[in-house]
Every structure is written in structure tokens, then in C-alpha cells.
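Colleague: I would like a close look at one part of this model, with the cut-offs spelled out.

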Amino acid sequence: MTAIETSALKPADRPRRRGINLEKWGWIYMRASGVVLIVLIFGHLFMNLMVGDGVKAIDFGFVGGKWADPFWQWWDVLMLWLALIHGANGMRTIVNDYTNPGVVQKVLKGALFAAAAVLIILGTLVVFTFEPCPVGAPADLLPSFCAA
């Protein structure tokens, strides 16, 4: 078929493209991650601000105690991953909308991917390797809840 014949076809008659439709899956991801993020964020805010002494209780010890529980580690890591990927995908959409395909678009998308990847890796490392009471640290530098 020539280009003229293809353009004259009705949408139902056009040959279907093969492969994964990444734009469709990106759109679905944005909706699904948005719903999950609402639950995660409001759960995070409720636990940090409403339970216990509220905002006055948030300090190094509070974070250390919270991240001692694997449930809260995974809660925060899931929130981190979903939020960063959601935000990077949204920025990718903006880059697609406001730049022409070419070098600039590739550089901007590469920078978005790199920034999101670095933040996800560093954030995950912080959550899972956080040690509020390191062994061998001077006692005067340790928080009060650490056993001396």
C-alpha cells in the first residue's frame, strides 16, 4: 500500500502496529501509582502527625524507631519509588510535549532518567542502611535512646 492509500483507509482498516504501547502503559502507571500514592502519603502523614505527640515528636529518634520496623522501611521505600517514577514520567510527558524529537529531547529524557535513578538508589540505601546507634561511635554523639 502506498502512503496515499493508507491515509484513505478508515481507522479500523489501518494496519495495526505491533509491539508494546509504552505510552498507554505510562498512562496506566500514572493513574495506578497516583491512587496508591494517595494511600501511602495519607498513611505517612497520619502516622507522623496524628499518632503520638504529633509534629513535636518528629526527630532523629522518631525516624530511627520507625525505620527499625521493616514494615515502615518498605512503606517509605514504596512511597519513594512510586513518587520518583511518577514524577519522572510526568516530566517525560512535559518534555515530549514541549520539545521536538532530536538531541535536546534525548538529553532531557536522559537527565530525567539519571536523576530519578540516582535518587531512587540513594534513597533506598538510606532507608535500608540507616543505623541510629552505630557500633563503636562515641557515647556523647549517640542519641539518648541508644544503649551505652
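Colleague: Which residue forms a salt bridge with Glu-23, and how far apart are the closest N and O atoms?

Modeller: The partner of Glu-23 is Arg-92, with the closest N and O atoms 2.9 Å apart. A salt bridge here is a side-chain nitrogen of Lys or Arg within 4 Å of a carboxyl oxygen of Asp or Glu. Helices are DSSP runs of H or I with at least four residues, numbered from the N terminus. Glu-23 is partly exposed, at a relative accessible area of 47%; buried means under 20%, exposed over 50%, and partly exposed in between, with a 1.4 Å probe and protein chains only.

This is a predicted model, in which local features need pLDDT of at least 70 and side-chain atom pairs count only at pLDDT 80 or more, while totals for chains, interfaces and linings use all residues. Residues are numbered from 1 along each chain as its sequence is written, and side-chain values use heavy atoms, with hydrogens and water left out.

A search of the whole structure gives 2 salt bridges. Lys-66 and Asp-76 also form one, their closest N and O atoms being 3.9 Å apart. That pair links helix α3 (residues 60-66), which holds Lys-66, to helix α4, which holds Asp-76, 10 residues apart. Lys-66 is buried, with a relative accessible area of 10%, and Asp-76 is buried at 9%.

As for the setting, the protein has 5 helices and 0 strands, and 22% of its 148 residues count as buried.

Conventions: Helices (H or I, at least four residues) and strands (E, at least two) are DSSP runs, numbered from the N terminus.
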